[in-house]
Amino acid sequence: MEIWKDTFIKQIPKDEYTIDLNNGEEEGLKIVLNGENDCHKVLLDFGAVSSYRLLDEGIVLNENLFNQDEVEKYKKDNFQSTIYRIENGEFSKFINDISNDMFDVYSMKHFIIITLNYVIEVVSSFEPTIKILNKE
């Protein structure tokens, strides 16, 4: 069963975020969160990742892609932490299946980032570096 873990609690200032996403061979996946209310700016630097997917927020959180009990648990606080770790998620299972169990072999991690307009899932061997680019 899919379980969301709030492992990044209070690391990202509370705000409603839009994103700038950049992924390249040299620098890897970098996501800049741009706060719409309080103008926070936060960098999530994942480095090299195995995979990521970007989905429109409006269609996925209301569907059966994620465990709805987990979604509701964090939705009531408007996804305050912005980023969560997922265990036993559909996307990590998909990556494990198509990679001959490499997700398990390399102890990869599955993250989800919830923003105003998008849901981003990332599969990586490492946790992201979180850097506040401007202070309140």
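Two strands count as paired if DSSP finds at least two bridges between them. Strands here are DSSP runs of E with at least two residues, while helices are runs of H or I with at least four, and both are numbered from the N terminus. Keep that in mind as we walk through this predicted model, in which local features need pLDDT of at least 70, side-chain atom pairs count only at pLDDT 80 or more, and totals for chains, interfaces and linings use all residues. Residues are numbered from 1 along each chain as its sequence is written, and side-chain values use heavy atoms, with hydrogens and water left out.

Let's begin with β6 (83-87). Four bridges join β6 to β7 (residues 109-114), and these two strands run antiparallel. One place to look is Tyr84, whose bridge partner in β7 is Ile112. β6 also pairs with β1 in the antiparallel sense, over three bridges; there, Ile86 of β6 is the bridge partner of Trp4.

Now find helix α2, residues 68-75, where Glu70, Val71 and Tyr74 are buried (under 20% relative accessible area, with a 1.4 Å probe and protein chains only). Seen down the axis of α2, the buried residues fall within an arc of 100 degrees, so they line one face of the helix; the arc is that of the directions from the helix axis to the C-beta atoms. These buried residues pack against β1 (3-5) and β6.

What about the inside? A nonpolar core is a set of buried Ala, Val, Leu, Ile, Met, Phe, Trp, Tyr and Cys residues joined through side-chain atoms within 4.5 Å. The largest one has 16 residues, and those with the most contacts inside it include Ile31, Leu44 and Ile83. β2, β3, β4, β7 and β8 each give two or more residues to this core. A second, separate core of eleven residues includes Trp4, Phe66, Tyr84 and Ile114.

Finally, turn to the open sheet, where four antiparallel strands follow the order β2-β3-β4-β9. β2 and β9 (129-132) stand at the edges, each with a single partner strand, so one side of each is left without a neighbour in the sheet. β4 and β9 pair over four bridges, and Leu44 has Ile130 of β9 as its bridge partner.

How values were computed
Buried means under 20% relative accessible area, exposed over 50%, partly exposed in between (1.4 Å probe, protein chains only). Contact means heavy atoms within 4.5 Å.
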